[in-house]
Amino acid sequence: MKLKTHKTVSKRVKLTKSGKLLKRKGGQDHFNSRESGKVTRNKRRDLSVWKTYASNMKTLIPNA
């Protein structure tokens, strides 16, 4: 049977050409004014997903 894509994972995670999974840092919506500039700048970057989770996520997005 054909695997269906898990839509929530496919919207939150990007698969790179080298096979890494990138995700966005959480907590960016509001209440950012009270945080330091260093934290705000770090939130703009994408983070790579841990290897322990990456293998599970790759099975959830088979066509990506």
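Ser18 is exposed, with a relative accessible area of 64%, where exposed stands for over 50%, buried for under 20% and partly exposed for values in between, judged with a 1.4 Å probe and protein chains only. The residue belongs to the loop between β1 and β2, and its side chain makes a polar contact with the side chain of Thr16 at 3.2 Å; a polar contact is a pair of N or O atoms within 3.5 Å, of which, within protein, one must be able to donate a hydrogen and the other to accept it, and residues adjacent in sequence count only if both atoms are side-chain atoms. The model is predicted, and local features need pLDDT of at least 70, side-chain atom pairs count only at pLDDT 80 or more, while totals for chains, interfaces and linings use all residues. Residues are numbered from 1 along each chain as its sequence is written, and side-chain values use heavy atoms, with hydrogens and water left out.

The loop that holds Ser18 is part of a hairpin formed by β1 and β2, with 5 residues between the two strands, and Gly19 in the turn has a positive phi of about 100 degrees. The two strands, of which β2 covers residues 21-24, pair in the antiparallel sense over 3 bridges, pairing being assigned if DSSP finds at least two bridges between two strands. Within this pair, Val13 stands opposite Lys23 in β2. On the β3 side, β2 pairs with β3 in the antiparallel sense over 3 bridges, and Leu22 has Ser48 in β3 as its bridge partner.

Taken together, these strands make an open sheet of 3 strands in the order β1-β2-β3, with antiparallel pairing. Because β1 (13-15) and β3 (46-48) each have a single partner strand, they stand at the edges, and one side of each is left without a neighbour in the sheet. On average, neighbouring strands of this sheet are turned by 35 degrees against each other, direction ignored, as given by axes that are lines fitted to C-alpha atoms, for helices over the stretch in contact, with angles running from 0 to 180 degrees between N-to-C directions.

Two further residues can be described outside the sheet. Phe31 lies in the loop between β2 and α2 and counts as exposed at 52% relative accessibility; its phi is near 65 degrees, a positive value in a residue other than glycine. Most residues other than glycine have a negative phi. Lys43, by comparison, is placed in helix α2 (residues 37-43) and counts as buried at 9% relative accessibility. Leaving aside neighbours within four places in sequence, Lys43 is in contact (heavy atoms within 4.5 Å) with Lys25, Gly26, Gly27, Gln28, Asn32 and Glu35.

For the chain as a whole, the secondary structure comes to 3 helices and 3 strands, which run α-β-β-α-β-α from the N terminus on; helices (H or I, at least four residues) and strands (E, at least two) are DSSP runs numbered from the N terminus. The radius of gyration is 14 Å, whereas a compact globule of 64 residues would have a value near 11 Å, by a rule of 2.2 Å times the number of residues to the power 0.38, with the radius taken over C-alpha atoms. The C-alpha trace spans about 50 × 20 × 20 Å along its principal axes, and 11% of the 64 residues count as buried.
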